[in-house]
Every structure is written in structure tokens, then in C-alpha cells.
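Let's walk through the side-chain contacts and strand pairings in this model. Keep the viewer open and click along as you read.

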Amino acid sequence: MASTVSDPSRGPLPAGTPAEVLRRTADVLGEPRIPSTGVGESAALDLIAGLLGENGIDLSHPHAAAHLQPPVLQVAVDADALASASNASMDTYDSGPATLAIEQWVVKALAGLAGFGPEADGVLTPGGSISNLLAVLIARDSAAAAIGVDVRRNGLQGLDHPVVFCSELAHFSVQRACAALGLGEEAAVTIASDENFRMRTDVLADELAKPGRTPVAVVATAGTTDYGSVDPIAPIAALARQYGAWVHVDAAYGFGALFSDQLAPLLADLSHADSVTLDLHKIGWQPAATSVLLVADKRRFASFGRSVDYLNPADDIDSGLDGLLGRSLQTTRRPDAVKVATTLTAYGRAGLGKMLDTCHELAHAAAARVVADSNLELLAPVTLTTVLFRVAGQGLEPADVTDGWLDAVQGEVRRRLLTSGRVLIGRTKLPARGGRPAAVALKLTLLNPNATASDIEDLLDQVVATGLDVQAESGEGAA
């Protein structure tokens, strides 16, 4: 990983409004048409590199702290170039033999880290949303098969009101998966979370017990996007299995905790799952997209199997010429495992764990600074690497602040920092808790192990200064 930002003279984003930045980029590209003659390879590369440098994002900058979008390891970038140069595909043996073995090695290594046994298997996917889609698809097929329905051939009509349970804080891809699979978004039944932002198992038990529905799956989250919170996996799994429901854990964010001796206990119960989503383009520092779906039993992929005359006829499969077509909805699929295998070999669990521990410590340092600053307010405890906070209303009692005013301040602070180009932070909305209304929050997502506590101090100094400016200019907080 590079130790310095690519351009120390600028921040993580280009300065200017979105319209200005997009226009500057488009103007350099010129009229949107394919030119009749090209400018040559070097000139074209220089052109695009210049646009990315001047108007793109610099995730290596220590003030880039908005999303689960880390700076990437140089060794992974180099390995990804090797994968691209090979142009191998994962569908058949003769489309890339070495890369088939590499992906299977990566899957087995990650399955072992998750606590799965020798029957486990998995597949790399274009992202966590697709991994979750595949998991719900497998769960749907499994629920249908349990009552003698071949949903792949005959559709959903044999399933009585199929539903998928997930936390209210689960990733929206669960609803998208239900929609894409013909269940409908309303099939995703959301379960309330507790004061620690974890799924409430008492509410789940009540929902599972309701008649007239087919529980297809229960999706636990290990590392919610905003809080890093981990649902109680073992109790959730025990409840789900009472009703024959598939147990999926969306650990897109949290799986990386297993690299760290300090944080691995958070996911000690992961092996209770039937399937797990993990994203190494989050904690893993891989170029996007590098997601994996793991399943505890490889036989669950059976419904994906296809024998196609021009790809993998039956006699070729019998001769060992099969690939990984039966693990995915994709046919051509690039060998993303190459960068993962290279990174795991280069750094090992200890090296990746050290990077995560650094980010975790940085989050705690940021939270401590927020608590110590009367201009800021901490809104949730640190679990992994996210810090939720907000600019506090200055000189005003809560009863004197008009509805929505302080929420509007947070949004304006973030927009000003973004358009300045100097600071990139996130925002979200906390649900109501303990008599406190829902509130807009600012968010730091700290995944840069090269950032320092002083970098974050400087970032928060700019948040405070901008917050004071916004509040002074608004002049309308008092009721």
C-alpha cells in the first residue's frame, strides 16, 4: 500500500460542485462520440490518468473516510493486472486452468477461516449484493425442494407466502434479492434491533411463529454498514432451524474481523451459518469488486449446474474438463481470485490483521476526540472501524432547536466539506432509540491503515470549524 497520497496538494475529492467537476471532466473528453482515428495508446492513457488524478477520488488520502471503500494494496493491483492480461474465465477448464485452482484454493482458505468444514465451497462474485442474491436464491430453491417443488422449472406457485427475515439494519440488497427472485420486496420481513443495533431474537421468534408463511431464510448481519454491529448468530441460527429456514450471514463488512486476534471473537459463531457473504474490497484492501459467497455444504450449488454442448458437455465433465459454471449465474467470469491469493500469500492473516487493528484503534481515537469536544456528539459506540457522530448545537438547549434544524446542519456540513475537496465523510440516519428521535449523523469509515490520529484530529477540526460556520450563518435554530 502506498504510504503517501498521490497528490499532496489536493484533498480526497476535487474542489467544486458536482456539476462543475463533471463538466470539467466531460469537457476534456470532448464530444461524446467514438473518434474516427485514435490518438495512440500513450496519449490516451495520459488523458485518462490526468482526468482521474484531477477529478477523481483519492482513497489514499487520510481525509477520505466516507464509505466502506478502502485504499488498495499495490500487490493486489499488480496481481489484478496479471489476471486481466490472462483474460481467463472461470466457467470451463479450458478457459483458464490455473485460475480455477487459484479460486478453489482461495475459497477453501476463507471457508476454513470461517470455521466451515471440508464439505464447504464457494464462489467469487462481482459484489456483496450479488453474493446475497445468490444466497437467497439457494435458500429459495432449498425451501421449495423441501416440499417437493422445483421452483427453477415451475416458478413460485407451489410456495405458500415465502418470506425472508432480516434485521431492520440489514443491507438493502436483501430486499433487492427478494424482488429479483420473484418473492417481492415485501417478502423481506424486517426485525427490530436492540439498543446495541443487533437483531432482537425475541421479535424474530414471534415473527417465525406466525402461521401462513414459508420461512425461506433468516439473514443475520455481521458488521452493519453504519455501526459495525454483529447480530447474535448462534441464537438466530437455532431459531431459524426450528422452522427449516436457511441461515445466511451477511458479513460483507465484518468478515475481515477474522484476520485480527483482537476482533475475531465477534464472529466466533459464524460456522453456525449455511452461507456467508464477505467482501474483501472492504476489509481486505482489494480492488473492487472482490466478494465471496461461502456455503457450508457444496451440494447446495446443485441447482446451478448446467451442461452446455459448446462449453461443458457431459462427457467432458466426466473427463475432468469441468469448470466453475455451476457456481454462478455468470458464464464469463474474470479471475478475481488471483489478486486475493496474491494478497493472502504476501501478507498472511497476521499482516491483514495488523492493518485492521490499526484502523480499529484509529476509530477509537476518533471517538475519544469526539467525546472530548463539546462541539461534537458521539452517537454510537465503536465496534469495527466506523464512528457515528454529529455537530452539536451550540448555545441551544434541545427544546429550543426547531424540528429538523440540527439534522439540516449535518447535511450542509458534509456538503461543504465535500465540495471543498478537503474532507470526505459519510452521513446516515440513526433510528429512534430510548425516547430519542431519529437523527441525521455524520460518519467516519476508517479503512486507511496509513492514516494517523493526527490526520483524524485535523479532519475533525475542519468538521467543527465548518459546523460553527453553518450554524452561525443559519441563525434560525431557536424556536
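## Salt bridges

Taking a salt bridge as a side-chain nitrogen of Lys or Arg within 4 Å of a carboxyl oxygen of Asp or Glu, the count here comes to 27. One of them pairs Arg241 with Asp274, with 2.9 Å between the closest N and O atoms. Arg241 belongs to helix 9 (residues 233-242), while Asp274 sits in the loop between strand 6 (246-250) and strand 7 (275-279), so the contact ties together parts that are 33 residues apart in sequence. Helices (H or I, at least four residues) and strands (E, at least two) are DSSP runs, numbered from the N terminus. As for burial, the labels go by relative accessible area: buried is under 20%, exposed is over 50%, and partly exposed is in between (1.4 Å probe, protein chains only). Arg241 is partly exposed at 41%, whereas Asp274 counts as buried at 17%.

Before going on, a word on the ground rules. This is a predicted model, so local features need pLDDT of at least 70 and side-chain atom pairs count only at pLDDT 80 or more, while totals for chains, interfaces and linings use all residues. Residues are numbered from 1 along each chain as its sequence is written, and side-chain values use heavy atoms, with hydrogens and water left out.

Lys282 and Asp279 make another salt bridge, their closest N and O atoms being 2.5 Å apart. Both Lys282 and Asp279 are buried. Then there's Glu377 with Arg436, which meet at 2.9 Å, N to O. Glu377 is in strand 9 (residues 376-378) and Arg436 is in the loop between strand 11 (424-430) and strand 12 (439-445), so this pair links parts that are 59 residues apart in sequence. Glu377 is partly exposed at 24% relative accessibility, and Arg436 is partly exposed too, at 34%.

Some salt bridges share partners: Asp80, Arg334, Asp336 and Lys339 are joined into one network that way.

## Around strand 11

What is strand 11 paired with? Two strands count as paired if DSSP finds at least two bridges between them. Strand 1 (residues 64-65) runs parallel to strand 11, joined by 2 bridges, and Ala64 has Leu424 as its bridge partner in strand 11. Strand 12 pairs with strand 11 in the antiparallel sense, over 5 bridges; there, Thr428 stands opposite Ala441 of strand 12.

## Aromatic rings

Rings of Phe, Tyr and Trp (its six-membered ring) pair if their centres lie within 6.5 Å; planes under 30 degrees apart count as stacked, over 60 as edge-to-face and the rest as tilted. By that rule there are 2 aromatic pairs. Phe197 and Tyr227 are stacked, at 3.8 Å centre to centre with 5° between the planes. Phe197 lies in the loop between strand 4 (188-191) and helix 8 (201-208), and Tyr227 in the loop between strand 5 (214-221) and helix 9, so the pair ties together parts that are 30 residues apart in sequence. Phe197 is buried at 6% relative accessibility, and Tyr227 is buried at 4%.

Phe301 and Phe304 are edge-to-face, at 5.8 Å centre to centre and 75° between the planes. Both Phe301 and Phe304 are buried. Phe304 also has Arg152 over its face, 5.2 Å from the ring centre; the rule for such a charge is NZ of Lys or CZ of Arg within 6 Å of the ring centre and within 35 degrees of the ring normal.
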